[in-house]
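Take a look at the structure below.

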Amino acid sequence: AAGWHRNEEVSSDSEAESPAAGGRRRREETAPAAAEEEEVEETPQEKKLRLAKLYLEQLRQHGESRRPARDIDLFEATACLGTLVLGEALGVQTRERPCSQPALSVQVQPPDPASIRVLRGHQLPITCLVISPDDKFIFSAAKDGSIIKWEVESGKRLCVVPGGKKGTEEQQVGHTAHILCMAISSDSKYLATGDRNKLIMIWEAATCKHLYKFTGHRDAVSGLSFQKGTHQLYSASHDRSVKVWNVAENAYIETLFGHQDIITGLDSLSRECCVTSGGRDGTVRVWKIPEESQLVFYGHQGSIDCIQLINEEHMVSGADDGSIALWGLTKKKPLALVRQAHGTHGSQSLQQPYWISAVAALRNSDLVATGSHSASVRLWKCGEGFRKLEPLFDIPLVGFVNSLKFSAAGDFLVAGLGQEHRLGRWWRIKEAKNSICVISLKQRAGTADSS
């Protein structure tokens with residue numbers, strides 16, 4: 001794999017992907033039970049203690065009294081343990097950090113609807129978007145196959161990669177089918193996009209220059225995420241598999257199996273693992289890459305269409321049964337479940353819940369946002385211990401909310417709107433505008449910044 005050169009196609013087709021091929025599939029099918037036992041053997045407190053000791057040992061080796069940048073997430077994992085006390089016990093000076101999840105929800109005020117900025121540029125419904133780690137740029141993509149890079153401050157289009165028509169794949173630099181997902185690396189070097197044509201395109205984020213494409217998925221690519229702090233890319237597909245790639249080396253690594261239906265969403269943070277939502281197989285899965293195992297979670301009654309990690313231990317998901325769920329990695333059932341989270345629609349005899357089409361979490365906080373086609377985005381507060389989801393307020397937005405992202409600083413929220421759902425054309429909202437909405441999240445005066 002390391003021998004492939006830039007601009008060449010990278011394919012994973014050479015690996016046998018049938019359920020009967022190799023022992024990897026068989027091992028992962030029995031892994032959830034074993035993994036569950038493993039979780040029970042090591043309590044969260046023991047795990048945090050182990051990570052804290054590992055972190056402090058790294059500090060000793062570096063001869064530093066401050067944490068290296070690459071250890072930020074390891075430090076976050078040990079924060080709730082009380083690192084000051086632990087540091088003194090082990091003879092290492094550490095910086096004091098808050099021992100609880102920052103309650104940023106208490107600081108956020110409902111925005112003035114007139115202050116919402118609307119960015120127009122895509123012809124068809126927006127399906128996905130990402131914000132650069134420095135919060136200066138937004139990348140968006142749509143069903144027309146186009147990609148646009150926006151400047152947050154001015155709202156200007158800095159770069160437009162147009163989509164091509166079906167049948168022009170050989171001549172077209174970019175996509176010729178609906179783009180369903182995108183991801184940006186934590187150093188802002190690479191942008192990855194995935195489409196219904198089974199392709200993953202890799203771009204230089206600064207210039208929008210096309211670098212290469214990955215092939216190998218056998219159906220639409222529906223989820224992408226870079227492992228934080230690395231150039232390792234995870235991709236999920238309607239072919240029910242997860243693939244792992246090394247973007248810097250232009251290389252395919254491996255394929256993971258387990259879901260029994262199409263995968264609709266994927267996310268990851270710093271650990272070498274990712275989480276996926278499994279559509280109508282009714283499962284959320286945590287893939288532990290080094291251990292070659294997976295954890296399986298059940299809770300929704302409909303198709304699970306979106307998922308995002310809140311921190312390394314908790315995640316939020318949404319389904320077409322109208323429910324949103326909060327999960328902890330040590331419990332196989334939701335810690336909190338809200339049914340009909342956006343209400344219902346239809347006639348009295350044929351009422352059905354609004355589908356949850358997008359979820360977002362402000363990393364390492366208690367703030368969550370959900371989107372549907374209910375004419376609003378709803379913000380939620382995660383209660384103590386992530387065992388409650390309490391509604392905060394609604395932000396009026398007309399159309400299908402197909403993508404939601406918080407800025408890293410938490411001072412704004414971006415929504416990708418469309419006249420149609422990201423994955424299909426079940427309804428059409430004619431009065432909706434295919435647009436990007438930038439929503440400023442004001443903080444109450446007198447509150448300290450918890451980030």
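Which residues have the most contacts inside the largest nonpolar core? In this predicted model, they are Val377, Leu379, Leu404 and Leu413. The core has 22 residues.

A second, separate core has 17 residues, including Ile356, Val368, Phe386 and Leu389. In soluble globular proteins, nonpolar side chains tend to be buried together.

Now take Val377. Beyond its neighbours within four places in sequence, Val377 is in contact with Ala369, Thr370, Phe393, Asp394, Ile395, Leu397, Val401, Leu404 and Leu413.

Next comes Arg117. Arg117 lies in strand β2, residues 117-119. Is Arg117 buried, exposed or partly exposed? Arg117 counts as partly exposed because its relative accessibility is 30%, and that class lies between under 20% for buried and over 50% for exposed. Leaving out residues up to four places away in sequence, Arg117 touches Val152, Glu153, Ser154, Gly155, Ile436, Cys437 and Val438. Arg117 and Cys437 are 320 residues apart in sequence. In space, their C-alpha atoms are 5.6 Å apart.

Finally, the whole protein. It has 5 helices and 31 strands. Of its 451 residues, 56% are buried. Contacts between residues at least 6 apart in sequence join residues at least 24 apart in 52% of cases. The accessible surface is about 19,600 Å², and carbon and sulfur atoms account for 49% of that surface.

Note on methods: Residues numbered from 1 in each chain as written. Predicted model: local features only at pLDDT ≥ 70, side-chain atom pairs only at ≥ 80, totals over all residues. Heavy atoms only, no water. Core = buried A, V, L, I, M, F, W, Y, C linked by side-chain atoms within 4.5 Å. Buried < 20%, exposed > 50% of the residue type's maximum accessible area, 1.4 Å probe, protein only. Contact = heavy atoms within 4.5 Å. Helix = DSSP H or I, 4+ residues; strand = E, 2+ residues; numbered from the N terminus. Areas by Shrake-Rupley, 256 points an atom, 1.4 Å probe, with all protein chains shown as cover.
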